[in-house]
Amino acid sequence: MQTSATRNGKKVIIVGAGPGGLTAAMILAQRGFEVTILEKNAQVGGRNGEFATGPYRHDIGPTFLMMKFLLDEMFRETGRRSEDYLEFVRLDPMYRLVFHDKVLHPVDDPKRMHDEIERHFPGEGPALGRFLAHERRRFIKMYPCLQVDYSTPWSMLKSRFLKALPFLSIGRSLYGNLASFFGDERLRLSFTFQSKYLGMSPWVCPAAFSIIPFIEYAFGVWHVMGGLSKISEAMAKVVVEEGGVIRLGAKVQKLLLEGRRATGVVLADGTSLRADAVFVNADFGHAMETLLEGAPLGKWAPKRLKKREFSCSTFMLYLGLDTKLELPHNTIVFAQDYKKNLHEITTSKKLSPEISFYLRNTSATDPTVAPPGHSSVYVLVPVPNNDSGIDWEAQKNAMRERTLDAIEKRLGLPDFRRHIVAEKVFTPKDWAETMGVYKGATFNLSHSLDQMLYLRPHNRFESIGGVYLVGGGTHPGSGLPTIYESGRISANLLCQDLGIPYPPPRPIEESLPD
């Protein structure tokens, strides 16, 4: 692959090799910038990286790839095809949903999903078509609003936002919106559990996020062979092909400031590096606490940031089994009183007596992540963030046992424990101390309406000049597709600030299936 022929003489430093930083890096390198990524870890990816437990490989964080077309666009920005770097598998079913008295297998084919609903909830099938048609209209109006920056309050008065405003269902919750379509609570939950991708309860999550289940049904849920961490590795390869530099094991101590402008970074070893712009891909709250100490941060100063609402956290088990687990790729298990469970996680901030959990049996699809006849298993339990004050050193073993009990009981796997031959346990304390996740809040700042769009940290950081933000803590928010979009928005902003032309995003209608 040929690198870009024309360099523009501008230097960009990117702090962190997570998916947002890598997206920005490959776009900027292709546009002629001299790009250097500084990553403190020994691998790229951040939360989109990989853990290994012996011969078993696990994605650290994201496991659902939605809106694959957006990832394709990011590669297309550099003149490449994602399929030349990655092998994709569309999951069918997308996942298995386990209630106490019912099991659903949602698929992204409308006819088959109609039949699945009718099989379990007679008479409710036609509501699927109404829901998908309604959310398709909302998606077309709303998604373009997520592809632009909100650097000034006047951004909220632009025509694309004003046209989308009637579709936001302001004042309604995600669960309340789904109640307009489906009568049975379990069916509503089947289309609202996706709020957990944002670390929120569907009874609190804004109704605008109904587009997330629509996105799953419209575009499918995908697996990347080898794990979703391969996306970050592929992006890193593109950065290097385009002449960029990735320095692993390079911890940034702080941003180098001259007045209220960043002019580079200082590494942990005391070395200073200069740049025309600095992109921060570190966790937002962590960056405000550590990289900009003493800087005039205004509303994002650490004392004020602590009062903000952050998402929940997750308790994780990364397991290697010496048997082939007979489960589909994705399984989501609901607590019997799911609303109470989520209230305790997000509001009361205490451990629920009964848990909900997600189990990913990667080996059901992907033979590369475990030895033959074995399984690589990823278990996620939503739990409170570290505002809870829970002593995870004291609770870790008990929570592990409770989780394994739930797997064996709810999934009918009485011998599950016996087959564990490798494991890694990860708690909210580990998210904070090992991964630099503020409050252990794995989904970042909450996605409430008062922390979205202009009210979320801006891609062109408003407090310090020369700083651009990427990742889940800035606009548009958490989740791999929106994090990719944050990387492109920030790259476009830098080009705009320097008068460098760039192509606009493709109209969303061109990506929608018929």
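Analyst: In this predicted model, Leu-165 counts as partly exposed because its relative accessibility is 34%, a value that lies between the 20% limit for buried residues and the 50% limit for exposed ones. Leu-165 is found in the loop that runs between helix 5 (159–164) and helix 6 (174–178). Together with Leu-162, Ile-170 and Leu-449, Leu-165 makes a nonpolar surface patch of about 360 Å².

In soluble globular proteins, nonpolar side chains tend to be buried together. Here the largest nonpolar core has 111 residues, and the members that touch the most other members are Leu-28, Leu-71, Phe-139, Phe-191, Ile-231 and Phe-279. Helix 4 (residues 126–146) gives the most to this core, with nine residues. Leaving aside residues up to four places away in sequence, Ile-231 touches Asn-48, Leu-65, Leu-71, Leu-86, Val-224 and Tyr-484. Another core, of 30 residues, lies apart from the largest one, and Ile-13, Val-280, Ala-295 and Val-467 are among its members.

The side chain of Asn-361 reaches the backbone oxygen of Leu-327 at 2.8 Å. Beyond residues up to four places away in sequence, Asn-361 touches Leu-325, Leu-327, Pro-328, His-329, Ser-375, Ser-376 and Val-377.

Technical notes
Residues are numbered from 1 along each chain as its sequence is written. This is a predicted model: local features need pLDDT of at least 70, side-chain atom pairs count only at pLDDT 80 or more; totals for chains, interfaces and linings use all residues. Side-chain values use heavy atoms; hydrogens and water are left out. Patches are made of residues with over 30% relative accessible area and no salt bridge: like charges are joined within 9 Å, nonpolar side chains (Val, Leu, Ile, Met, Phe, Trp, Tyr) within 5 Å. Accessible areas come from the Shrake-Rupley method with a 1.4 Å probe; for residues, only the protein chains shown count as cover. A salt bridge is a side-chain nitrogen of Lys or Arg within 4 Å of a carboxyl oxygen of Asp or Glu. Helices (H or I, at least four residues) and strands (E, at least two) are DSSP runs, numbered from the N terminus. Buried means under 20% relative accessible area, exposed over 50%, partly exposed in between (1.4 Å probe, protein chains only). A polar contact is a pair of N or O atoms within 3.5 Å; within protein, one must be able to donate a hydrogen and the other to accept it, and residues adjacent in sequence count only if both atoms are side-chain atoms. Contact means heavy atoms within 4.5 Å. A nonpolar core is a set of buried Ala, Val, Leu, Ile, Met, Phe, Trp, Tyr and Cys residues joined through side-chain atoms within 4.5 Å.
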